[in-house]
Amino acid sequence: MGVRSEAARKILKIKSGTSTSGIEKAALRVPSNSYVLIIDDVGLHPGEIIAAVKILKRKGSNVAVLYPNPIRFLRKDEVSPDELEGLYSAYRARKELLRKMRTEVPVVELGPKDVFRKVVERL
């Protein structure tokens with residue numbers, strides 16, 4: 001129980017605001033030669049994720065990103081024909097971003113039907 005409490009305190013400390021993003025601050029505190037899974041929507045702040053990945057790699061860590069694609073979680077009956085073109089454009093833009101990010105770090109795109117076993121197999 002003490003280990004979990006200590007980890008929770010560290011995470012909360014990391015979230016305090018400074019010029020360095022939360023994910024970069026977290027990367028600075030990860031011990032060398034660790035295995036790190038980053039779970040994030042890469043479309044929101046890809047530069048910060050790549051910066052954190054570079055920090056972790058310099059420390060000898062193995063890193064992968066799990067990316068729950070929000071577009072895949074939309075229900076078909078909730079999307080109007082007018083919205084379809086915009087969603088497709090957003091989907092294509094995110095695919096291009098993922099292609100670029102994969103040159104730095106393995107990225108596994110997740111959808112609503114993915115299960116942990118399949119994710120681990122992709123890694």
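1. The axes of helix 2 and helix 3 cross at roughly 5 degrees and come within 8 Å of each other, in what should be read throughout as a predicted model. Because angles under 35 degrees count as roughly parallel, helix 2 is roughly parallel to helix 3.

2. On the helix 2 side of this pairing, the residues in contact are I23, E24, A27 and L28, and they meet E48, I49, A51, A52, I55 and L56 of helix 3.

3. Helix 3 covers residues 46-58, and its 13 residues should span 18 Å at 1.5 Å a residue, which agrees with its end C-alpha atoms being 18 Å apart. Just after helix 3, G60 takes a positive phi of about 85 degrees.

4. Which residues of helix 3 are buried? They are I49, I50, A52, V53, I55 and L56, and what covers the buried residues of this helix includes helix 2, strand 1, strand 2 (62-68) and helix 4 (81-101).

5. In soluble globular proteins, nonpolar side chains tend to be buried together.

6. V65 deserves a separate look: leaving aside residues up to four places away in sequence, V65 touches I38, V42 and I49, and also V105, P106, V107 and V108.

7. N33 lies in the loop between helix 2 (22-29) and strand 1 (35-39), and has a positive phi of about 60 degrees although this residue is not a glycine. Is N33 buried or exposed? With a relative accessibility of 58%, N33 counts as exposed, because the cut-off for that class is over 50%.

8. A93, in helix 4, has a relative accessible area of 47% and is therefore partly exposed. The C-alpha atoms of A93 and G43 are separated by 8.9 Å, although these two residues are 50 residues apart along the chain.

Notes: Residues are numbered from 1 along each chain as its sequence is written. This is a predicted model: local features need pLDDT of at least 70, side-chain atom pairs count only at pLDDT 80 or more; totals for chains, interfaces and linings use all residues. Side-chain values use heavy atoms; hydrogens and water are left out. Helices (H or I, at least four residues) and strands (E, at least two) are DSSP runs, numbered from the N terminus. Buried means under 20% relative accessible area, exposed over 50%, partly exposed in between (1.4 Å probe, protein chains only). The expected span of a helix is 1.5 Å times one less than its number of residues. Contact means heavy atoms within 4.5 Å. Axes are lines fitted to C-alpha atoms, for helices over the stretch in contact, and angles run from 0 to 180 degrees between N-to-C directions. Angles under 35 degrees count as roughly parallel, over 145 as roughly antiparallel, 65 to 115 as roughly perpendicular and the rest as oblique.
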